[in-house]
Amino acid sequence: MAAPTDTRIEVRKTYKLYIGGAFPRTESGRSYLVSAADGAPLANACRASRKDLREAVRAARKAHVDWAARTAMNRGQVLYRVAELMEGRRDQFAGEVALAEGLRDGRAREVVDRAIDRWVWYAGWADKISQVLGSANPVAAPYFNFTIPEATGVVGLVAPETSSLLGLVSRLAPPLVSGNAVVLIASETRPLPAVTLSEVLATSDVPGGVVNVLTGLKAELVPVLAAHGDVDALDTWGVPEAMRLATEQAAADDIKRLSRRPTTVDEARFDWLDDRATERPEWIAAFLEMKTVWHPIGM
Amino acid sequence: MAAMVSSTDKRVVPAATNGVNSWGLGDGQAIPWEYAPAPEARDLVTLKERYGLFINGRSVAATGGGTFTTVDPATEQPLARVARATTADVDKAVRAARRAQSRSWGQLPGKERAKYLFRISRILQERSREFAVLESMDSGKPIKESRDVDVPLAASHFWYYAGWADKLDYAFPGRVARPLGVAAQIIPWNFPLLMLAWKIAPALAAGNTVVLKPASTTPLSALLFADVCVQADLPPGTVNIVTGPGEIGMDLVTHKLVDKVAFTGSTEIGRRIARGVAGTDKALTLELGGKAANIVFDDAPLDQAIEGIVNGIYFNQGEVCCAGSRLLVQESIAEPLIDKLKDRLATIRVGDPLDKNTDVGAINSKSQLDKITELVQSGIDEGADIYQPACDLPDRGYFFRPTLFTNVAQSHRIAREEIFGPVLSVLTFRTPEEAIEKANNTVYGLSAGVWTDKGSRILEMVSRLKAGVVWANTFNRFDPTSPFGGYKDSGFGREGGMHGLHAYVRLEDR
């Protein structure tokens with residue numbers, strides 16, 4: 001009498017895109033094979049097309065309005081809830097990260113725990129950033145004058161290639177805190193943790209369209225993201241070195257705000273576990289616009 | 001920036017003929033006034049025949065000895081010959097700045113940097129009239145504005161940032177602020193000295209050194225500022241000034257020893273500059289074009305709004321990136337408001353920039369005048385209704401009448417493109433939603449204005465307008481403590497205030 005476990009066939013997961021709160025397959029009907037760090041095949045990931053990317057930007061633009069209009073405290077609570085839900089899926093994330101990045105189990109767990117904690121750290125900034133980065137300005141005339149930060153709008157995020165979860169979360173949380181919506185291109189070689197993260201986002205209270213996740217080839221997608229006229233800012237951390245110049249040139253054409261990895265920083269060697277290096281209000285500020293308001297004072 | 005006419009500064013003489021100016025009865029039909037000339041003395045300014053580049057604390061000729069002429073746009077007469085820098089000169093200037101950054105200026109404690117900047121501010125105050133007259137001669141702006149706005153604000157900008165030089169730790173809690181290094185700064189011709197101050201003051205306060213390129217039509221106040229640096233005993237190489245055509249600006253931007261690029265000017269050039277820094281670690285701030293909406297609700301204090309509208313678009317001949325060039329009027333008050341505006345336009349005095357009564361001076365250059373003329377013609381061709389007060393323009397010089405377009409559609413070029421001249425496009429709206437929609441319907445996002453008596457409406461409008469500066473029941477106010485800069489294609493980064501410092505520092509962990 002054989003135990004049922006010996007014969008049970010595993011139910012595999014289909015890894016899809018995440019656009020506007022839904023999980024479509026790529027409209028292009030294409031996929032690419034994703035392998036583990038040791039070379040073992042893991043899954044077929046969607047090879048998103050430029051049309052998928054445009055759909056994602058459209059969803060982000062629509063979602064940004066409501067997200068930015070939420071109260072700061074509400075955004076903070078919603079992002080904190082992402083941490084809550086990830087906590088319940090620690091094992092799943094640890095398994096995926098271990099396979100994708102070739103980490104031993106203990107190390108993978110540390111990475112996942114830190115990713116969860118990073119959501120908590122950034123979530124807490126939502127209702128503080130205006131106080132820290134805003135100002136009341138003592139102009140030399142009878143006017144009340146103040147400066148407040150606002151979210152830039154739609155942020156294109158090219159996720160770090162090496163750190164598939166912790167690097168991604170460290171770059172994703174900062175623009176979300178203030179009310180930006182994000183279109184992200186996941187790590188090309190290690191996209192699966194990003195897809196699983198999108199499943200967490202879908203079941204958290206982050207409104208659909210606030211985060212959109214694309215998997216595919218960076219050479220195909222990054223130029224479209226960089227040149228897209230409705231993307232206001234671009235995080236180029238995960239842009240391959242060979243594409244850096246062309247990407248930044250394309251972004252220049254519509255005056256995109258760039259958040260660039262310094263050329264002196266090697267993405268593959270960057271220590272995402274270093275809290276001091278990765279928990280920075282400057283990373284939130286990179287996706288803010290400062291608005292200054294004047295009003296006369298008088299009876 | 002005060003209202004363009006104050007009741008105390010006009011000498012009123014009824015004139016028998018031509019109805020040049022009028023007051024109050026509608027459409028230029030009323031009592032005509034005439035003003036006696038009130039010229040500012042030009043002899044405070046001693047123009048040199050030739051001006052050199054300012055590199056490493058000295059005035060030097062350009063390599064190869066090239067020069068170009070800067071003219072007085074009000075007379076079309078040449079003012080001086082100015083050195084035309086070459087790529088080699090740009091290199092010398094950047095190397096001088098690099099040396100000063102690592103050896104002298106960059107080594108000074110903040111306390112000492114502060115004292116230099118206070119000195120500069122004081123010297124600007126002491127020589128304010130000289131600067132004002134020279135600025136008006138070279139740029140065409142009314143002496144009233146260079147005297148009361150440009151020069152005092154430039155001085156106060158240095159004053160404000162002087163105080164920051166030794167207090168950077170308080171501006172960036174938890175971080176150590178380090179200078180970026182050498183800043184390449186390119187400024188436009190509309191506020192030559194003021195833009196210089198906006199660029200140089202925060203850069204020096206944070207410990208950077210600079211190479212500044214003024215616009216080729218307005219180099220003189222920057223070269224007079226070089227003299228201020230000498231008077232202040234500023235270490236040689238801390239401030240370097242190179243004059244010449246636009247191409248040397250790109251040489252400056254792409255120079256490998258430059259760490260920071262700051263540009264104010266057109267969006268078109270801004271794109272080229274952003275492309276120029278692509279792929280490098282250079283920090284970049286851009287302050288580009290605008291097409292601001294000035295929104296007037298039916299409960300607005302009408303007379304104040306009229307002054308704000310006039311100040312918003314006719315200040316500095318409308319050659320202002322944040323000019324309120326699109327007037328959005330609530331439909332119910334459009335007619336009386338436009339009537340009042342036409343009356344007010346008839347009192348605007350256009351003419352000699354050096355005349356203390358002048359409200360609107362000369363357009364900065366022939367090419368700018370041509371651009372304005374072309375865009376105004378497009379407004380007529382596309383079917384908008386033009387109104388210009390009947391005023392005499394001087395026989396020579398680049399002048400343009402204050403112009404008002406009604407019946408403007410959002411699709412018209414005069415509603416979409418930055419004219420950078422005294423040309424106002426009037427559109428109407430019915431609901432606040434429509435006003436927001438129309439105001440934000442532009443690639444630009446530098447500034448906006450809102451006129452209403454209702455406080456909650458002001459705050460709602462403020463939060464929904466995509467603009468870096470929102471003036472509520474006022475317009476075109478500037479202050480060194482107040483951050484300035486754009487959303488969208490109007491650029492990124494802020495100048496002024498604590499936020500202006502951020503553009504010139506690298507933050508390190510404590």
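Two strands pair if DSSP finds at least two bridges between them; helices (H or I, at least four residues) and strands (E, at least two) are DSSP runs, numbered from the N terminus. The model is predicted: local features need pLDDT of at least 70, side-chain atom pairs count only at pLDDT 80 or more, and totals for chains, interfaces and linings use all residues. Residues are numbered from 1 along each chain as its sequence is written, and chains are lettered from A and ligands numbered from 1 in the order in which they are written.

**Exercise 1.** Determine which strand of chain B is joined to E10(A), and in what direction the two run.

*Solution.* Strand E20 (residues 469-472) of chain B is joined to E10(A) by three bridges, and the two strands run parallel. Within E20(B), Val469(B) is the bridge partner of Thr292(A).

**Exercise 2.** Describe the side of chain A that touches chain B.

*Solution.* Begin with contacts (C-beta atoms, placed from the backbone, within 7 Å): 30 residues of chain A meet 36 residues of chain B. Next, strand E4 (143-151), helix H10 (244-252) and strand E10 (288-296) of chain A each give two or more residues to this side. E10(A) supplies the largest share, eight residues. Finally, sort this side by residue class: 13 are nonpolar (Ala, Val, Leu, Ile, Met, Phe, Trp, Tyr, Cys and Pro), nine charged (Asp, Glu, Lys and Arg) and eight polar (the others, Gly among them).

Note on methods
Two residues are in contact if their C-beta atoms, placed from the backbone, lie within 7 Å.
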